[in-house]
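Subject: Structure for you to look over

Hello,

Here is the structure I promised.

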Amino acid sequence: MNSTISNKKRATRHQGAIRIRKAKHRDSAAIESLLYESFLEYERAYTPEAFHITTPEKREIESRVKHWTVWVALHGNVIVGTVSAHPEGEALHIRSMAVRPSMRGRSIGKLLLQRVEKFASDNRYKRLILNTTPFLESAIRLYERFGFQATGSERDWFGTTVSTMAKEVIQTRS
């Protein structure tokens with residue numbers, strides 16, 4: 001069997017085992033742990049302040065679950081991915097997207113982005129926006145494959161450079 005076909009079958013099989021649902025208050029500690037584990041390998045590329053904000057503590061996550069829309073990806077009953085989103089005018093701003101390092105390469109990030117995009121479309125947001133850092137190369141490749149484009153906007157974020165990416169949302173409801 002050709003390796004490309006084999007990899008596609010493997011990805012499809014793994015996708016079937018992944019469920020996406022809205023996060024609950026009780027998920028906050030697991031999300032905190034997931035974000036820390038997911039970004040730990042990049043800690044040295046961030047300033048201490050930027051890393052602390054990138055890996056929020058349980059209390060901040062509880063606030064996001066209450067005031068934003070937060071999703072989790074589950075493999076069995078274990079949270080293996082997460083993403084948050086909050087409105088900014090006509091745009092939906094994506095924050096804190098992460099997939100457990102041991103679960104990467106299984107299309108979990110794509111599934112999370114699809115859920116965010118469906119939510120954005122259903123709620124008539126015109127654009128999805130996110131900020132990323134240049135050293136998160138695999139995440140940037142995922143965003144580009146998903147249709148995000150760099151806006152050319154870069155800024156200093158607590159001593160770490162971030163750039164903005166955006167994608168127009170296709171409206172599915174009339």
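The charged end of Lys-167 lies over the ring of Phe-146, 4.0 Å from the ring centre. The test for a charge over a ring is NZ of Lys or CZ of Arg within 6 Å of the ring centre and within 35 degrees of the ring normal.

Some ground rules. This is a predicted model, where local features need pLDDT of at least 70, side-chain atom pairs count only at pLDDT 80 or more, and totals for chains, interfaces and linings use all residues. Numbering starts from 1 along each chain as its sequence is written, and side-chain values use heavy atoms, with hydrogens and water left out.

Aromatics next. The whole structure holds 10 aromatic pairs (Phe, Tyr or six-membered Trp rings with centres within 6.5 Å; planes under 30 degrees apart are stacked, over 60 edge-to-face, the rest tilted). Phe-119 and Tyr-125 count as stacked because their ring centres are 6.4 Å apart and their planes meet at 25°. Both Phe-119 and Tyr-125 are buried (under 20% relative accessible area; over 50% is exposed, in between is partly exposed; 1.4 Å probe, protein chains only).

One aromatic cluster is formed by Tyr-36, Phe-39, Tyr-42, Tyr-46, Phe-51 and Phe-135. Tyr-36 and Glu-57 are 21 residues apart in sequence, with 9.0 Å between their C-alpha atoms.

Now the largest pocket. It holds about 940 Å³ of space. A pocket here is an open set of points on a 1 Å grid over the protein atoms alone, where a 1.4 Å probe fits, with protein on both sides within 12 Å along at least five of seven lines; lining residues have an atom within 4 Å of a point. The volume is the space filled by probe spheres on points joined across faces, edges and corners. The lining has 37 residues, with Phe-39, Met-97, Ala-98, Ala-139 and Tyr-143 nearest the centre. β4 gives the largest share, 7 residues.

Best wishes

How values were computed:
Helix = DSSP H or I, 4+ residues; strand = E, 2+ residues; numbered from the N terminus.
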